[in-house]
Structure formats: structure tokens, C-alpha cells
Amino acid sequence: MTVNKKNNMRYVGKCVYTRINSWEKYLGSGVYLKRAIRKYGRDNFYRIIIDEADSEEELREIEEYYIDMFDAVSSKEFYNLKGTSIGGDTFTCHPEKGGE
């Protein structure tokens, strides 16, 4: 989970430890999360590892579990736009999440 220190908004995401670009620096790929990182700066975000998986399939399932558990898509406290771990065009789903 990535957390914004300035407003406590969060993002549920996943990252593989074997990621080509260092997993230790990865904050997430969500559109609204990336906008917030540009707005507030990387130093105003931190990550919490809330779970781990033994396979990429399990990792996707865990990510979706937490998105659902936190109701992250509906919550204005989260940057998440959709309940699945697969990206896609979701710009029209929750436009109110874009204006912090």
C-alpha cells in the first residue's frame, strides 16, 4: 500500500520483488497515484507491505482482495480506480477522484 503523507490518501497495488526497476523504489502505477506523486513529490509517499505472495497469480488475487476489503474503488480515501489488478481505461469510472 502506498500512502500520501500530506493527505493520507492510499493506493492498493502490487509489485514483484524481481521487478527490473527496483521494487524498493516502486510506488505504484495508478493514474491518480502518479498525478499525486507529481503534485506532492516522491518524498511525500511511503509504502507499507501488507501481504506477500508465492506467485504472480496469487499476488493478483491478494491485491484484488485488499482493494475489495478497503472498498478502495468507491472510497475517496484511495487512488484506486478499479477492483481488478489488471490495468485499463477507467478514466470515466470515478472522475471525482482526480481532483484532490
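**What the labels rest on**

Guide: Let's start with Y46, which sits in strand β3 (residues 45-47); strands (E, at least two residues) and helices (H or I, at least four) are DSSP runs, numbered from the N terminus. Keep in mind that this is a predicted model, where local features need pLDDT of at least 70, side-chain atom pairs count only at pLDDT 80 or more, and totals for chains, interfaces and linings use all residues. Residues are numbered from 1 along each chain as its sequence is written, and side-chain values use heavy atoms, leaving out hydrogens and water.

Visitor: Why is Y46 called partly exposed?

Guide: Buried means under 20% relative accessible area, exposed means over 50%, and partly exposed is in between (1.4 Å probe, protein chains only). Y46 has 37%, so partly exposed is the label.

Visitor: What makes E77 and R10 a salt bridge?

Guide: The term asks for a side-chain nitrogen of Lys or Arg within 4 Å of a carboxyl oxygen of Asp or Glu. For E77 and R10 the closest N and O atoms are 2.9 Å apart, so the pair qualifies by that cut-off. E77 lies in the segment after α2 (56-69) and R10 in strand β2 (residues 10-11), so the bridge ties together parts 67 residues apart in sequence.

Visitor: Are these two partners buried or exposed?

Guide: R10 is buried, at 16% relative accessible area, while E77 is partly exposed, at 47%.

Visitor: How many salt bridges does a search of the whole structure find?

Guide: Two. E63 also bridges to K14, with the closest N and O atoms 3.4 Å apart. E63 belongs to helix α2 and K14 to the loop between β2 and α1 (31-40), so this pair ties together parts 49 residues apart in sequence.

Visitor: How do you know that E63 is buried?

Guide: Its relative accessible area is 7%, so E63 falls under the buried cut-off. K14, at 28%, counts as partly exposed.

Visitor: What are the buried residues of α2?

Guide: They're L59, I62, E63, Y66 and I67. Seen down the axis of α2, they fall within an arc of 135° (taken from the directions from the axis to the C-beta atoms), so they line one face of the helix. As a rule, an α-helix has 3.6 residues a turn, so residues three or four places apart point the same way.

Visitor: And which exposed residues does the face of α2 turned away from its buried side carry?

Guide: E57 and D68. After α2 comes D71, with a positive phi near 50°.
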